[in-house]
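Q: I have a structure open and want to learn how to read it. Can we go through it feature by feature?

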Amino acid sequence: MKMMNLLQAGAIALAVTATAGVVQAQADSATAPLVETGSSLLYPLFNLWVPAYTASHPGADITTTSTGSGAGIAQSLKGLVNIGASDAYLSDTMAHMHKNMLSIPLAISSQAINFNLPGVTSLKLSGPILAGIYSGKITHWNDPAIAAANPGVALPNHVIIPVHRTDGSGDTFIFTQYLSASDAAWGSTVKFGTSVSWPAVTGGIGANGNQGMVTAAQANPYSIAYIGVSFSAQAAQAGLGQAELLNKAGNYVSPTPETISAAAASVANSTPADERISMIFAPGAQAYPIVNYEYAIINTHQSSKDVATAVRTFLNWAVTEGNSMSFLKQVHFMPLPAAVVELSKAQIKKIK
Amino acid sequence: MKIRPFRLTVLGLSLLIPAALCAVVLFLVVYSGQAIVFNGLRFLTQVNWNLGDLYDDPVVVHGIQVPSGANYGILVFIAGTLASAAIAIIIAVPLAVGAAIFLAEIIPSKIRPALSMLVELIAVVPSVVFGLWGIAVLVPFIGRYLSPNGSGYGLLAASIVLALMITPIIASTLLDALLQVPRENRESAFALGATHFEVVMKAVMPMVRTTMIGGIVLALGRALGETMAVLMVSGGGLNIMPTSLFSPISTIASFIAGQLDSAETDPTNMSVRALAEIALVLFVITLAVNACAKLLSSGVLRVRKRA
């Protein structure tokens, strides 16, 4: 009798395990849960995407978190998340060390240079001027270099307060890349990165996050700050001016949908197959100089076939339907050019 | 041998805390090993901090792979940490002592619990709330009325925010001790004709000196390690030593929080190791400060009293 009971118990246990296994497998093929982490700039877009995607793909399950581009890259590399979001592509060294890591553009972002200058509403600036300000060579608003770029503007004789990000940031990456590309001295000393060794400028301050940049620029008259375009509404509300920047063709342009698209179009055809390219200081008469691809950093070897399928399906949706302006305009992003969508799709196919 | 389950359980539990501490220190030492070798003593004496060019090929220095141009010097952050914590203590101690004496001596005992609860309530406010208050109220105020260059971010803002956070810690420890001073002490002092001020200063405060120093040490520990609130109002000083109350600073803890994300993209991993080394330095500073305070509270003061 006892033996019988034991056997029965064993059989039941086996049956339970088997059923659980089947249920598990079915769940995987339909809705392998995905985890996304990284860029705080992409995070609002993911939060628009995921509900819409889940609505059209029943059972899809994507968790999004905002940690920072560095964490997005690092955790995707370690296989802790399926999708790492980053404002910057993988460096050459990283790409060579980890050949199975892809940098896939999802959308196009840009950055404004904002200023808090009492009495001045429009201002023209260039890479060398900004490099001068952020390295402490240009200290006053009425510096000859700024005056030469702004004829007819009454510039105050007041110390400039440059504001930079203290946390690691894709905005710092693209801003310093603009300075590196347009100013030789900056390019050979400070260079670019998500955090750089900011030259010591008396009075210069650091702020935490894009919101912190807006607040700091608002609280400090005569300051200048670089702020991601997703925060342009907050910056305008804070009364900050938006500078026109000198592009590669020698024209001063504001960040508008037209100038950002112009920059994207001029880089689209030169984008390589691995899509790791800077859009900063792009050629083109109307191209805005601080524009960048927002990336998904993906490991081609996902934990299972089902997970890989789920990642591919989502990313394909993101670069096509997800690139419609109904999503992007809410965060002031721009869609990928058609040629780049094809490159992204080709890369997405590699995920297995 | 007799097995004592209760004693064994309690022993095991009590060993967990020091074990966790040892594990953290051991991890920091092992993890930052390469960085310690690479940096040497320059780490503590240099002003310049540079993660290097993380997008260029790494270089090999003394057999260790590092990003090109990397240079790790943390003197600025040590200075920022010590200065902000010291000023915070200078602001907080008189406030806290005054508040505690007021609550213990002046206030009728019926409303004392309500007021002392309010003080303790400040101690549990999350630090990010203090940071927000700092950004919204304190920084603009300092910038408009105090700062010569118009910027409110910096050492003073960080110190005031820290002071507010640690005042209730000192006040509530001191208040508990004051309430335990025997009635007889006060009454005999009054009987000798002492004024209320003299009673507090000569008959009550000497009894609680050790507790007060204990509270200050606890508060100092919090001030040295506070991250978020400082990150929000300190102005993120980098590569420049603070020269005045209005200079931007970085503290060790806030700097680690700010740099970690970028450090994670370093293919050589040296940046993260260097951050671990900073954490180790913070640990040593906290330990040293606490040890000094313990010495002050036990030995030195008593010697002076006898003399």
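Q: Take B:Ser84. Is B:Ser84 buried or exposed?

A: This is a predicted model, so treat every value as computed from the prediction. B:Ser84 counts as buried, because it has 30 C-beta neighbours inside 10 Å. The cut-off for buried is 20 or more.

Q: Where is B:Ser84 found, and which residues does B:Ser84 touch, not counting those up to four places away in sequence?

A: B:Ser84 sits in helix H4 of chain B, residues 75-106. Leaving out residues up to four places away in sequence, B:Ser84 touches B:Leu155, B:Ala158, B:Ser159, B:Leu162, B:Val230, B:Ile249 and B:Thr251. Sequence distance and spatial distance are separate things to check. B:Ser84 and B:Val161 are 77 residues apart in sequence, with 9.7 Å between their C-alpha atoms.

Q: Now A:Val153. How many other C-beta atoms lie within 10 Å of A:Val153?

A: There are 17, so A:Val153 is partly exposed. A:Val153 lies in the loop between helix H6 (144-149) and E6 of chain A. Not counting residues up to four places away in sequence, A:Val153 touches A:Val120 and A:Leu123. From A:Val153 to A:Leu123 is 30 residues in sequence and 8.0 Å in space, C-alpha to C-alpha.

Q: What does chain A look like overall?

A: Chain A has 352 residues, and buried residues make up 52% of them. Its secondary structure comes to 14 helices and 12 strands. The C-alpha trace spans about 100 × 40 × 40 Å along its principal axes. Of the contacts in chain A with a separation of 6 or more, 73% join residues 24 or more positions apart.

Q: How do I read a strand?

A: Start with the side chains. In a regular strand they alternate between the two faces of the sheet. Now look at strand E8 of chain A, residues 223-228. A:Ser223, A:Ala225 and A:Ile227 point one way from E8(A). A:Ile224, A:Tyr226 and A:Gly228 point the other way. Six of the six residues are buried, so E8(A) is largely enclosed by the rest of the structure.

Q: Which strands pair with E8(A), and in what sense?

A: The general idea comes first. Strands of a sheet pair through backbone hydrogen bonds, either parallel or antiparallel. E8(A) shows both senses. Strand E4 (residues 101-116) of chain A pairs with E8(A) in the antiparallel sense, over six bridges. There, A:Phe115 stands opposite A:Ile224. Strand E6 (residues 161-165) of chain A pairs with E8(A) in the parallel sense, over three bridges. In that case A:Ile161 has A:Ser223 as its bridge partner.

Q: What is the strand order of the open sheet of three strands in chain A?

A: The order is E5-E10-E11, with mixed pairing. E5 (124-125) and E11 (252-253) stand at the edges, each with a single partner strand, so one side of each is left without a neighbour in the sheet. Strand E10 (residues 244-246) of chain A pairs with E11(A) in the antiparallel sense over two bridges. A:Leu246 has A:Tyr252 in E11(A) as its bridge partner.

Q: How do I describe two packed helices?

A: Two packed helices are described by the angle between their axes and the distance between the axes. Helix H5 (residues 127-134) and helix H7 (residues 170-182) of chain A pack at about 115°, with axes 8 Å apart. They are therefore roughly perpendicular to each other. Their crossing is left-handed. H5(A) contributes A:Gly127, A:Pro128, A:Leu130, A:Ala131 and A:Tyr134 to the contact. H7(A) contributes A:Tyr178, A:Leu179, A:Ala181 and A:Ser182. By class, that contact has seven nonpolar, two polar and no charged residues.

Q: At what angle do helix H12 and helix H14 of chain A pack?

A: The angle between H12 (residues 305-319) and H14 (residues 338-348) is about 180°, and their axes are 10 Å apart. That makes H12(A) roughly antiparallel to H14(A). The contact uses A:Arg312, A:Leu315, A:Asn316 and A:Val319 of H12(A). From H14(A) come A:Val341, A:Ser344, A:Lys345 and A:Ile348. These residues divide into four nonpolar, two polar and two charged.

Q: How many residues of chain A are in contact with chain B?

A: 35 residues of chain A are in contact with 34 residues of chain B. On the chain A side, H3(A) gives the largest share, five residues. By class, that side has 16 nonpolar, 17 polar and two charged residues.

Technical notes: Residues numbered from 1 in each chain as written. Chains lettered and ligands numbered in written order. Predicted model: local features only at pLDDT ≥ 70, side-chain atom pairs only at ≥ 80, totals over all residues. Contact = placed C-beta atoms within 7 Å. Helix = DSSP H or I, 4+ residues; strand = E, 2+ residues; numbered from the N terminus. Nonpolar A, V, L, I, M, F, W, Y, C, P; charged D, E, K, R; others polar. Pairing = 2+ DSSP bridges. Buried ≥ 20, exposed ≤ 12 C-beta atoms within 10 Å, placed from the backbone. Axes fitted to C-alpha atoms, helices over the stretch in contact; angles between N-to-C directions. Parallel < 35°, antiparallel > 145°, perpendicular 65-115°, else oblique. Left-handed = near helix turned anticlockwise from the far one by under 90°.
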